[in-house]
Amino acid sequence: MDEEVEQFMSITGVAGEHVARGYLEISGGDPMQAIQLYFENPELEASFNAPSASTSAPTRQPPTATSGSRGFTGREDSRGVIHIDDDDDDDIQMADEEFGVPGDDDDDVAAIARNAQEEEDAAMARRLQEEMYSENHASGDGVRAPIAQTTETLAAPDPSWGLDDDREAAVIEQLRRRRRAQGANANPFNQSSVDWFDVEDGTGTSARPRGPSAMTPPDGTTRRLRDLFAPPTGLISRLPLDAARDIGKEEKKWILVNLQKLDDFRCQVLNRDHWKNENIVSLVREHFIFLQYTLDDPLSQSYTTFYFHNQAHEDENNYPHVSIIDPRTGEQVKVWSGETFPSPGEFYQDLVEFLDRYSLAANSKNPVVKTKPKSKPKDIGRMTEEEMLEMALKNSLDEDGGPSEPSVLDPDALTKSNPDIGKGKGKAVEEPAGSAEDAAASAFSQISPSNPHTEPDNNPATTTRIQFRHSGGRVIRRFSVADPVRRIYEWLKAQPLEGKEGVTFELKAVPGGDLIGSLGKTIEEAGLKQGTVMIEFIEDS
C-alpha cells in the first residue's frame with residue numbers, strides 16, 4: 001500500500017498521506033483508478049482532511065488509568081483523536097486490554113487512526129453511491145432509468161466518395177438531400193437534379209419530385225415560382241450518359257443534354273420557356289433522349305470531363321448550355337451556348353434544321369467538320385493609320401469591356417463553311433456528272449484490297465501511332481510518317497474489322513474532314529501524326 005500511496009502523491013501532488021489512502025481505499029487499491037477519481041472529483045479531498053467516526057462504529061469509552069499502571073496523562077476527544085503533551089510523552093502507558101490490539105503505544109495510535117479512516121471511507125463510498133442512483137426516485141425497485149438514446153451525424157459524406165454498395169449510396173443520397181433541405185426551401189430556383197429524381201442504376205426513366213418542396217410545403221409565392229421554373233421532369237430521362245447512349249443506339253435517337261448552373265438565371269429561363277414549349281417538347285420526345293444535369297449532380301461529372309476542357313464548365317460565359325451527342329460515337333455534333341442562346345421559336349427551327357441535315361440511319365452521310373481557314377498574319381509595318389487604330393480599339397474592347405464569348409464552340413457551325421455539303425438523310429439532289437461524290441466513290445473503288453499492312457519498328461522520328469475510332473470501339477496502328485494516306489485505306493480493305501468485310505467505309509480526320517481527297521499526301525502532310533481518325537461504315541440498315 002505504501003508504494004501506491006507514494007505513486008498517488010507524486011503524480012497528484014497531494015501533501016496529505018491520509019488523502020492518498022482515502023482515494024486508494026475507495027478505488028479498491030488501484031492507484032490509476034484512484035488518480036483518475038482524484039482529478040474527476042477533487043472535492044472528495046475535503047472529506048479526508050476532516051475524518052469523522054461513523055455512527056455505526058462501536059462507542060469507545062475514554063481510557064482510565066488502572067491501579068496497576070502509571071497515570072495516563074493523554075486525552076481522547078469525542079472524535080477518537082488522542083492528544084499528548086510533549087512533556088508527558090514518557091509518562092504515557094496505554095493498557096492493551098483497553099484497545100484490544102497488541103503492540104507498543106505508537107502502533108496502537110496508528111491502528112486507531114486507520115480504523116477510523118476505513119470507517120470514514122466506507123461512509124463516503126455509500127454516500128457517493130446513494131447520490132449516483134438517487135436520480136430515479138420514481139423507481140420502486142431501486143433500478144436506475146435506462147440511458148436515453150441519442151443520434152448524431154459525426155461527418156457528412158462528400159459527393160466525390162465512391163459508392164460501391166447500393167445501401168451506402170442510398171444513405172449518402174438521403175444525407176445530401178437532408179443537408180440541402182435545411183436552407184433550400186426558401187429559394188425557388190435551387191432545384192437540383194439530385195433532389196428532383198431518384199438516383200437509379202441507369203435502366204429506368206421514371207421521375208418524381210424529391211426536393212425540399214416535397215418535404216416542407218412552401219408559401220404561395222414560393223410555390224408558384226417553383227412550379228414556374230420547375231425542371232421538365234416528364235421530359236427528362238434520369239440516366240447516366242453511357243446508358244443514354246446505349247438506348248439511343250437501340251432506338252436511333254440523338255442525345256440532347258442541358259447542363260444547368262443553378263445560380264445563373266438564364267438557365268432557369270430554359271425551364272420556364274423552352275422546355276415547356278409544346279413544339280419543342282413534341283420534337284424532343286420523338287427524336288431525342290433528353291438529359292438535364294445540374295453542376296452538383298454526380299451524373300454530370302462524366303459529361304463535363306469529356307466535353308469541357310480546362311475546367312470550361314466553370315466559365316459563366318458558357319451558360320445556358322445545350323448540346324446534341326451522337327449516340328454511336330459520342331461525338332458532340334451541335335452546341336448552343338452563351339448569351340446568344342436562341343429564343344424558343346429559333347431553338348425549335350434549329351432543331352428542325354438539325355434533323356434535316358443529320359441522320360442516324362446506317363446509309364446516311366452526315367456533314368463533316370471543316371477546318372477553319374487560317375487567317376494570314378497582318379504586317380503591322382504595312383498597315384495604314386486607320387487600320388492600326390481599328391485593331392488597337394478591338395484589342396482594347398476584347399481585354400477590358402468587350403463582350404465575352406463562350407469557350408465552347410459549335411461543331412455544326414464549321415460544317416456550314418462548305419456550301420456543297422449534302423443533306424443528312426441522303427435526299428436525292430440533282431448534281432452534274434462528275435460530282436465530288438462520284439469522284440470519291442471512283443477513288444475508293446480504285447484502292448487495292450490486297451495490300452495488307454505490316455507495322456514498322458517503333459522509331460519516334462519516322463513512325464507515328466494513329467487511333468481509329470468506330471461504332472464498336474477503337475483500334476491503334478503504327479504507320480510510317482512517309483506513308484501515303486492511301487496506305488490506311490489499303491490496310492482497312494485488306495484487313496477489315498470483324499463483321500465489316502466488303503463494307504464501304506469513309507475515313508474522317510478529327511479535325512480535318514474526309515481523307516478521300518488526300519490519298520496522295522503523306523500521313524505527316526495530312527496532319528495525322530499522333531492523330532485520330534473516325535471510321536464510318538456505309539451500309540444498309
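The model is predicted, so local features are given only at pLDDT of at least 70 and side-chain atom pairs only at pLDDT 80 or more, while totals for chains, interfaces and linings use all residues. Residues are numbered from 1 along each chain as its sequence is written, and side-chain values use heavy atoms, with hydrogens and water left out.

The secondary structure of the chain comes to 19 helices and eleven strands. Helices (H or I, at least four residues) and strands (E, at least two) are DSSP runs numbered from the N terminus. Of the 541 residues of the chain, 36% count as buried, where buried means under 20% relative accessible area, exposed over 50% and partly exposed in between (1.4 Å probe, protein chains only). Contact means heavy atoms within 4.5 Å. Among contacts between residues at least 6 apart in sequence, 65% join residues at least 24 apart.

Two strands are taken to pair if DSSP finds at least two bridges between them. Axes here are lines fitted to C-alpha atoms, for helices over the stretch in contact, and angles run from 0 to 180 degrees between N-to-C directions.

Strands E3 and E4 run parallel and are joined by seven bridges; Asn258 has Gln292 in E4 as its bridge partner. Seven of the seven residues of E4 are buried, so this strand is largely enclosed by the rest of the structure. Both of its faces are covered, with Phe288, Phe290, Gln292 and Thr294 buried on one side and Ile289, Leu291 and Tyr293 buried on the other. On the other pairing of E3 (residues 254–260), five bridges link this strand to E5 in the antiparallel sense, and Val257 stands opposite Ser323 in E5.

Strands E5 and E6 also pair in the antiparallel sense, over five bridges, with His321 opposite Ser337 in E6. The two strands form a hairpin with six residues between them, and Gly330 in the turn has a positive phi of about 75 degrees. Strand E6 (residues 332–337) is mostly covered, as six of its six residues are buried.

Ser323 has its place in strand E5 (residues 321–325) and is buried, with a relative accessible area of 0%. Its side chain makes a polar contact with the side chain of Gln332 at 3.4 Å. A polar contact is a pair of N or O atoms within 3.5 Å; within protein, one must be able to donate a hydrogen and the other to accept it, and residues adjacent in sequence count only if both atoms are side-chain atoms. Leaving aside neighbours within four places in sequence, Ser323 is in contact with Ile255, Leu256, Val257, Tyr303, Gln332, Lys334 and Val335.

Helix H15 (residues 344–357) has 14 residues and reaches 20 Å from its first C-alpha to its last, close to the 20 Å expected at 1.5 Å a residue; the expected span is 1.5 Å times one less than the number of residues. The buried residues of H15 are Phe347, Leu351, Phe354, Leu355 and Arg357. These cover an arc of only 165 degrees around the axis, which puts them on the same side of H15. The arc is that of the directions from the helix axis to the C-beta atoms.

A further open sheet is formed by five strands in the order E8-E7-E11-E9-E10, with mixed pairing. Strands E8 (473–480) and E10 (513–514) stand at the edges with a single partner strand each, so one side of each is left without a neighbour in the sheet. Strand E9 (residues 504–509) pairs with E10 in the antiparallel sense over two bridges, and Ala509 stands opposite Gly513 in E10. Helix H19 (residues 486–494) lies across E7 (463–470), E8, E9, E10 and E11 (532–538), running at about 145 degrees to E9.

Val485 lies in the loop between E8 and H19 and is buried, with a relative accessible area of 0%. Not counting residues up to four places away in sequence, Val485 touches Leu515, Ser518, Leu519, Lys521, Thr522, Ala526 and Leu528. Val485 and Lys521 are 36 residues apart in sequence and 6.0 Å apart in space, C-alpha to C-alpha.
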